Amino acid sequence: MARLNLLEETRFEKIPVQVYPNQEVASIDVAKRIANVIREKQEKGETAVLGLATGATPVKVYKELVRLHKEENLSFRNVVTFNLDEYYPMLPTADQSYVTFMNKHLFDMIDIPKENINIPDGTVPVEKVQEYCEGYEQKISNLGGLDIQILGIGRTGHIGFNEPGSAPNSGTRLVTLDDLTRRDASRDFGGKENVPTKALTMGVGTIFKAKEIILMAWNEKKAEIVKKAVEGEISSDIPATYLQLSDRAEFILDQDAASALTRYNTPWLAKDVVWTDDLAKKAVVWLSLELQKAILKLTDDDYNNHGMAQLVTEKGPAYGINIRVFNELQRTITGWPGGKPNVDDSNRPERAEPARKDVILFSPHPDDDVISMGGTFIRLADQGHNVHVAYQTSGNTAVWDDDVLRYLEFVGDFAVAIDDDKGLVRKVYSEAREFFKTKKPNQVDPEIVRTIKGLIRKGEAIAGARFVGLPDENIHFQNLPFYDRGKFSKDVSYEDDILQTMELLRAVKPQQVFAAGDFADPHGTHKVCFDIILSALLRLRETDEWTKDCWLWLYRGAWHEYPIHEIEMAVPLSPQEVKRKRLAIFKHQSQKDLPVFPGDDPREFWVRAEDRTSDTAALYHKLGLANYEAIEAFVRWKF
């Protein structure tokens with residue numbers, strides 16, 4: 001019976017999929033499987049041939065393999081490795097090369113013979129590339145093929161660097177990289193313009209010859225492409241779908257990467273479910289948007305025809321369910337994000353008392369506050385709450401070098417104008433200009449340059465917060481130490497960051513804390529900043545009584561909003577408030593027009609922010625609720 005239930009649950013999936021609670025557990029399991037292959041070959045006196053991948057996805061697998069080597073005597077003396085790909089052209093000594101990556105994360109810490117390591121050579125003369133690629137293929141064949149191949153998946157659906165259009169029988173070759181792939185790599189190279197346009201990659205056909213193929217994917221950013229690869233039709237537009245043709249391939253996912261699969265996203269379409277209130281709410285919202293009918297217009301037939309007959313049977317009729325969900329959504333909407341005083345707050349997202357709350361808005365970067373929740377920020381200040389803003393990092397990496405020179409030129413000219421030029425500004429200016437002439441992609445700036453860039457963003461943040469209506473004493477610049485330490489080492493402690501955050505929280509004793517809730521990138525600044533806030537609050541809850549009345553609200557950034565069924569507080573904005581928010585964003589001039597790290601969205605930040613909030617308002621209206629200009633959304637973190 002259990003087997004039948006599993007088949008029913010996964011019937012939309014065209015390839016075996018294993019889902020783990022998180023990437024740590026999944027990575028340990030994959031490493032164990034690789035170790036088993038190595039040990040089985042050792043027992044037979046044979047060579048283990050491994051196909052390896054690069055990027056963030058396999059890092060924890062390599063970490064576990066290193067641990068197994070150091071703590072459990074796993075030897076790699078009998079191992080030969082072949083890496084999937086390499087940028088072209090690329091020097092092996094470059095920071096962005098996959099040779100550097102593999103040495104850093106694996107090879108330098110295990111006992112593999114150097115002659116057993118094979119990584120595509122990014123320095124091969126172009127006229128010899130074809131011959132080199134054929135030799136790479138032949139070397140794999142001479143060893144009997146790959147025993148196991150691990151893969152990641154790009155947002156284009158590429159495996160290796162087999163971009164859309166690749167053939168299922170393709171071999172090792174030189175390819176042109178998709179623009180999205182290059183945009184995704186832009187942070188490593190200090191800008192998309194520095195990312196090579198080509199790469200050497202094993203072909204899909206080469207990958208298919210492996211005796212075992214494991215594709216790994218972590219976090220929400222991969223969820224949509226994973227769904228297409230697992231449940232979609234086989235297509236050259238998404239090369240990962242070719243893996244459906246292999247009986248030796250499987251997907252290893254964490255829960256976030258699996259979240260768009262039918263069995264998780266719309267499970268009522270795949271199996272019988274236990275209809276909790278939260279799942280019913282999600283399903284009704286989905287049905288309304290799927291049929292483009294307001295919630296209150298949904299019928300029993302609509303439910304029955306879309307996998308939700310059981311819901312009507314258990315909790316119906318349909319109209320009763322409709323009313324219940326509609327009211328829940330209606331109650332999320334409030335024009336009083338700090339709570340409306342002197343009213344019954346039993347059906348409101350925030351408490352009525354105290355009427356004047358102490359609030360801290362934590363902003364990971366100096367513009368996240370106004371971009372992500374600028375309208376709510378303004379509303380809280382206008383409604384008389386004691387609002388503080390805490391800028392957690394300097395954001396100095398996101399300032400153009402030209403801006404540094406422009407500000408130094410101004411300071412130098414100003415010093416001359418007031419007859420106070422001692423030559424220091426000219427010296428700093430000359431040194432900065434010389435440094436920028438030879439600066440390499442992603443090279444860390446000297447301390448004085450980082451300071452200047454941080455001051456540029458600090459001035460903009462002050463201007464934005466003042467525009468919102470905050471007094472200067474309520475504007476805090478934490479400059480959390482992890483941010484600059486992280487430029488030199490990824491293995492950093494956050495203890496001093498947590499202690500500093502605890503100190504600020506103790507000083508304000510807020511009833512409300514707002515924090516960024518973008519967790520798609522577990523190594524991103526937003527996630528690190530949230531973890532610091534959460535750690536600080538959890539420690540304070542052990543000793544400080546005021547924390548029992550402190551609520552933590554999460555907002556999201558300029559790209560993606562919380563799904564409607566998850567939103568717990570929706571703050572509508574008028575056209576005038578949208579304009580005020582826009583003007584607050586405009587105070588961040590260094591981020592205007594073309595930010596240093598724009599991501600894969602060409603729109604300016606203020607446009608992204610307005611589109612996101614207007615889209616949220618439009619969704620509420622499609623569900624049959626009031627038609628607002630824009631809505632900012634929040635989810636409460638439950639301790």
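Ala618 is found in helix α23. The model discussed here is predicted.

Q: Why does Ala618 count as partly exposed?
A: The relative accessibility of Ala618 is 32%. Buried requires under 20% and exposed requires over 50%.

Q: What separation is found between the C-alpha atoms of Ala618 and Gln591?
A: These two residues stand 27 residues apart along the chain, and their C-alpha atoms are separated by 27 Å.

Q: Which residues are in contact with Phe597, leaving aside its neighbours within four places in sequence?
A: They are Arg187, Thr397, Ala398 and Phe605. Contact here requires heavy atoms within 4.5 Å. As for Arg183, 414 residues from Phe597 along the chain, the C-alpha atoms of the two are separated by 9.6 Å.

Q: What share of the chain counts as buried?
A: Of the 639 residues, 53% do so, the criterion being under 20% relative accessible area. The chain exposes about 29000 Å², of which carbon and sulfur atoms supply 51%.

Q: What share of the contacts between residues at least 6 apart in sequence joins residues at least 24 apart?
A: The share is 76%. The chain that makes these contacts has 23 helices and 17 strands.

Q: Which members of the largest nonpolar core touch the most other members?
A: Among its 80 residues, Leu65 and Leu243 do. Helix α2 (residues 23-44) gives the most to this core, with 7 residues. Not counting residues up to four places away in sequence, Leu65 touches Ala31, Ile34, Ala35, Leu74, Phe76 and Leu106. Another core, of 59 residues, lies apart from the largest one and includes Val273, Ala283, Ala318 and Tyr620.

Q: How far apart are the mean positions of the positive and negative charges?
A: For the 81 positive and 98 negative charges of the chain, the mean positions are 1 Å apart.

Technical notes:
Residues are numbered from 1 along each chain as its sequence is written. This is a predicted model: local features need pLDDT of at least 70, side-chain atom pairs count only at pLDDT 80 or more; totals for chains, interfaces and linings use all residues. Side-chain values use heavy atoms; hydrogens and water are left out. A nonpolar core is a set of buried Ala, Val, Leu, Ile, Met, Phe, Trp, Tyr and Cys residues joined through side-chain atoms within 4.5 Å. Buried means under 20% relative accessible area, exposed over 50%, partly exposed in between (1.4 Å probe, protein chains only). Helices (H or I, at least four residues) and strands (E, at least two) are DSSP runs, numbered from the N terminus. Accessible areas come from the Shrake-Rupley method with a 1.4 Å probe; for residues, only the protein chains shown count as cover. Lys and Arg count as positive and Asp and Glu as negative; His and the chain ends are not counted. The place of a charge is taken as NZ of Lys, CZ of Arg, CG of Asp or CD of Glu.
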